[in-house]
Amino acid sequence: MKPLEISNRDARRLWLWANGLAVSPVGKPDVMGMIRALGFVQIDTIRNVTRAHHHILWSRNQNYREKMLWPLLRQRHLFEHFTHDASLIPMETLPMWQRQFRRLGAKVAQNDWYQSGLGKVEIKNIRQRIEREGALSTHAFDTKASSREMWARPPHKKALDQMWYAGDLATCHRENFVKFYDLGERVFPPHLREGPCDPDQINWLCDQAIDRLSMGTCGEVQRFWEAMSAKEVQTWLASCQLIPVRIQNADRSWREAWAVADIETRLKAAPAPTVRLRILNPFDPAIRDRMRTERLFGFEYRNEMFVPAVKRRWGYYVYPLLEGDRFVGRIELKADRSEGWLRVTGFWPEPGVTWGTIRLEKLEAELKRFARLAGITEVNWSVARPA
């Protein structure tokens, strides 16, 4: 079959639509609907203005508010586990997530601390305590790390991690973002704890990934969940019915990929993205795969949070600015909720993008909307505004 050629403009249009960023983000928020459409939502500890999970959902509906998410975890509509990072996943995915519990639990159990036997004793003691006392947070334990290195973890945290990755423990709720652990059997609904055979789980995860990607390479499918190996995805590709495509990159080169069977229908249905200017989160799923982002949009983006300040090209927490179907700049923001202000501390237009009055007005309007999400009323600039 001759590959279907998809222009760069059409590929961008379809990708933004698939990610819920094509239409105006208004209306009554359907939080579970948004998360199901995305597959999951990444959560993150850093609260620069608002935490990543809230920002991601707000970008898709700006009537979303922070109080809307965490009750869904308590109500067992969501469970928390690790995709490419810590994420909230629809509970109906749980049967197909059993292999990820096994994979990650076994990986963590391979470290020397666990193999020495000390880990097994710690795990047994912690499990018995949670079984006896009910849900506990990491603050309920007081063991200390053996070193002061940045990533050193105390024994109780290692034990909690191993049981959490393996699904023996689960996040039952969070309070002020602090995770509370309970036995998996108390959190996960009984009828969802068993999954089909491993190959069926792999096939389902790959099917769900390509459905949300609409089109992608083997690597892009594998990176979507980070729950299957490249070899497993290759085996799936050899057995499924996909459409070969050639996708035009932002630099006008072409790459071969695969697309869903109804790709032409999706291309016709996908609307042109609104010309609204959006402040996207660094962890937004639309830009999570940095290689895909650069190929599609010609926009090179990297997180520099853990890069020494003197080596950063941009800043600590820099937000991409999306207007229509292209990235027009980057902005660094800081906020103080107690003082009620949000401040622009860095601004970098993309090469070749002119910042006139209309575009600047769009940005100012988006800054005010973003500030309202965090309960902030004052927005100002500590760097020069674009002229």
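A pocket, as the word is used here, is an open set of grid points at which a 1.4 Å probe fits, with protein on both sides within 12 Å along at least five of seven lines. In this predicted model, the second largest pocket has a volume of about 280 Å³.

**The second largest pocket**

The lining of the second largest pocket consists of Phe 82, Thr 83, Gln 100, Arg 103, Leu 104, Lys 107, Val 108, Tyr 165 and Glu 226. Helix H5, which spans residues 98–108, supplies five residues, the largest share of this lining.

**The three-stranded sheet and helix H2**

An open sheet of three strands is arranged in the order S2-S4-S3, and its pairing is antiparallel. Strand S2 (41–42) and strand S3 are the edge strands, each of them pairing on one side only. Helix H2, residues 31–38, packs on this sheet and touches S2, S3 and S4, with its direction making about 110° with that of S4. In the antiparallel pair formed by S2 and strand S4 (residues 86–90), the two strands are joined by two bridges, and Val 41 stands opposite Leu 88 in S4. In general, the strands of a sheet pair through backbone hydrogen bonds, in either a parallel or an antiparallel manner.

**Helix H1 and positive phi values**

Within helix H1 (residues 8–18), the buried residues are Asn 8, Ala 11, Arg 12, Arg 13, Leu 14, Trp 15 and Leu 16. Just after H1, Gly 20 takes a positive phi of about 75°.

Most residues other than glycine have a negative phi.

Arg 76 is found in the loop between helix H4 (70–74) and strand S3 (78–82), whereas Arg 252 is placed in the loop between strand S9 (243–248) and strand S10 (254–259).

Conventions. Residues are numbered from 1 along each chain as its sequence is written. This is a predicted model: local features need pLDDT of at least 70, side-chain atom pairs count only at pLDDT 80 or more; totals for chains, interfaces and linings use all residues. Side-chain values use heavy atoms; hydrogens and water are left out. Buried means under 20% relative accessible area, exposed over 50%, partly exposed in between (1.4 Å probe, protein chains only). Helices (H or I, at least four residues) and strands (E, at least two) are DSSP runs, numbered from the N terminus. On a 1 Å grid over the protein atoms alone, a cavity is a set of points where a 1.4 Å probe fits but cannot get out, and a pocket is an open set with protein on both sides within 12 Å along at least five of seven lines; lining residues have an atom within 4 Å of a point. Grid points are joined across faces, edges and corners, and a volume is the space filled by probe spheres set on the points. Two strands pair if DSSP finds at least two bridges between them. Contact means heavy atoms within 4.5 Å. Axes are lines fitted to C-alpha atoms, for helices over the stretch in contact, and angles run from 0 to 180 degrees between N-to-C directions.
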